[in-house]
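Please read them with the coordinates open.

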Amino acid sequence: MRVEYINPFVEAAFNIIKEVLQTEVNRDELYLKKSTQPVLGVAAIVGLAGDVEGRVLIDMSQETAIKVASTMNGEELTEMDELVKATITELANMVTAQAVTKLHDLGFKFDLTPPAIITGENMQVSDINVEALIVPLGLPHGKVEINVAIRERLGA
Amino acid sequence: MKTTSDFPSINERVPEGQGNDGKALKVLIVDDSMFVTKQISQILTSEGFEIVGTAADGAEGVEKYKELYPEVDLVTMDITMPRMDGVTALEKIIEFDKDASVIMVSALGKQDLVKKSLMVGAKNYIVKPLDRKKVLERVVSAIK
């Protein structure tokens, strides 16, 4: 997978998280995973289809999701309720919108699915024949991983 | 006899959400995100606007507008929604009331749809993430 696909998502996540949470964000080293990977507990997933295809996960623990949603709502939330899910979905929406604008400007044409939120413990994600690039972002609320598995569509 | 306290101070700022008659301006929020609805609602109520209704998709938004009419001064309209998108809902609202004040709420990268909305009759637009100051500026320019 070409790194140029993941960079817009990482930059967008970095910028948007910094802006909406008004906090410093540290970017850790990018790593690559080929096989099945664990999911941290709350994953917003967005699908891509067009010149490129695949998916983007914005992944964090439930505890981090609740803390992030609390800051974004300006109130203390204590459980993984509908408001927390709606808030994380919106965060994913903003990140993907910014990243996709950049990718469209670079000439890639594809559509996005609306974000879906998946929650649970001991979850894994498998992407057949596509390696995933993962960039962990460190923030005071906990770790957020941007996990991108995209490939160019054959014949596109 | 009138005392000084009976007169409004010239330094007293009138909240943006207060109309010329001193009453709160009425807003309908159309957005499929509970988070965005809450955020817009908090920003606008803190400036004296009154939220008279919310809708989670374009079709419900049109229905609510017709139900509430003429008691709506402003509609905030998300662009991407299930069932009926915001641009179609805008068209239907303008068809029903050509003077409707509708402001579009968009994620980045929807410039074509924003342009289309402005051509159809939206008064202004806001790009997410929402910034309190920008939201109020755009809303005020849409209704005044």
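1. A salt bridge, as the term is used here, is a side-chain nitrogen of Lys or Arg within 4 Å of a carboxyl oxygen of Asp or Glu. By that rule A:Glu75 is paired with B:Lys38, and their closest N and O atoms are 2.3 Å apart. The pair runs between chains, from helix 1 (residues 34-45) of chain B, which holds B:Lys38, to the loop between helix 2 (62-73) and helix 3 (82-105) of chain A, which holds A:Glu75. Helices (H or I, at least four residues) and strands (E, at least two) are DSSP runs, numbered from the N terminus.

2. On provenance: this is a predicted model, in which local features need pLDDT of at least 70 and side-chain atom pairs count only at pLDDT 80 or more, while totals for chains, interfaces and linings use all residues. Residues are numbered from 1 along each chain as its sequence is written, chains are lettered from A and ligands numbered from 1 in the order in which they are written, and side-chain values use heavy atoms, with hydrogens and water left out.

3. How exposed are the two partners of the bridge between chains? B:Lys38 is partly exposed at 21% relative accessibility, and A:Glu75 is also partly exposed, at 34%. The classes are buried for under 20% relative accessible area, exposed for over 50%, and partly exposed in between (1.4 Å probe, protein chains only).

4. The interface as a whole: 11 residues of chain B are in contact with 15 residues of chain A, contact meaning heavy atoms within 4.5 Å. The size of an interface is often given as the accessible area lost when the parts come together. For chain B and chain A the buried area is about 1,100 Å², and carbon and sulfur atoms give 68% of that area. Buried area here is the accessible area (1.4 Å probe) that two parts lose on being put together, summed over both.

5. The side of chain B that touches chain A consists of six nonpolar, three polar and two charged residues. A polar contact is a pair of N or O atoms within 3.5 Å; within protein, one must be able to donate a hydrogen and the other to accept it, and residues adjacent in sequence count only if both atoms are side-chain atoms. For the residue classes, Ala, Val, Leu, Ile, Met, Phe, Trp, Tyr, Cys and Pro count as nonpolar, Asp, Glu, Lys and Arg as charged, and the others, Gly among them, as polar.

6. B:Ser33 deserves a separate entry. It sits in the loop between strand 1 (26-30) and helix 1 of chain B and is buried, with a relative accessible area of 9%. The side chain of B:Ser33 reaches the backbone nitrogen of B:Phe35 at 3.2 Å. Neighbours within four places in sequence aside, B:Ser33 is in contact with A:Ala86 and A:Glu90.

7. Which fold pattern does chain A show? Chain A has three helices and 10 strands, in the order α-β-β-β-β-β-α-α-β-β-β-β-β along the sequence. Its radius of gyration is 15 Å, close to the 15 Å that the globule rule gives for 156 residues, so chain A is as compact as a globular protein of that length. The radius is taken over C-alpha atoms, and the globule rule is 2.2 Å times the number of residues to the power 0.38. The C-alpha trace of chain A spans about 50 × 35 × 30 Å along its principal axes.

8. Within chain A, 52% of the 156 residues are buried. Of the contacts in chain A with a separation of 6 or more, 68% are between residues 24 or more positions apart.

9. B:Arg83 and B:Asp57 meet in one of them at 3.0 Å, N to O. B:Arg83 lies in the loop between strand 3 (74-78) and helix 3 (86-96) of chain B and B:Asp57 in the loop between strand 2 (50-55) and helix 2 (58-68), so the pair ties together parts that are 26 residues apart in sequence. B:Arg83 is exposed at 68%, whereas B:Asp57 is buried at 9%.

10. The side chains of B:Lys98 and B:Asp99 form a further salt bridge, at 3.7 Å from N to O. B:Lys98 is exposed at 66% relative accessibility, and B:Asp99 is exposed at 55%. In chain A, salt bridges that share partners join A:Glu53, A:Arg151 and A:Arg153 into one network.
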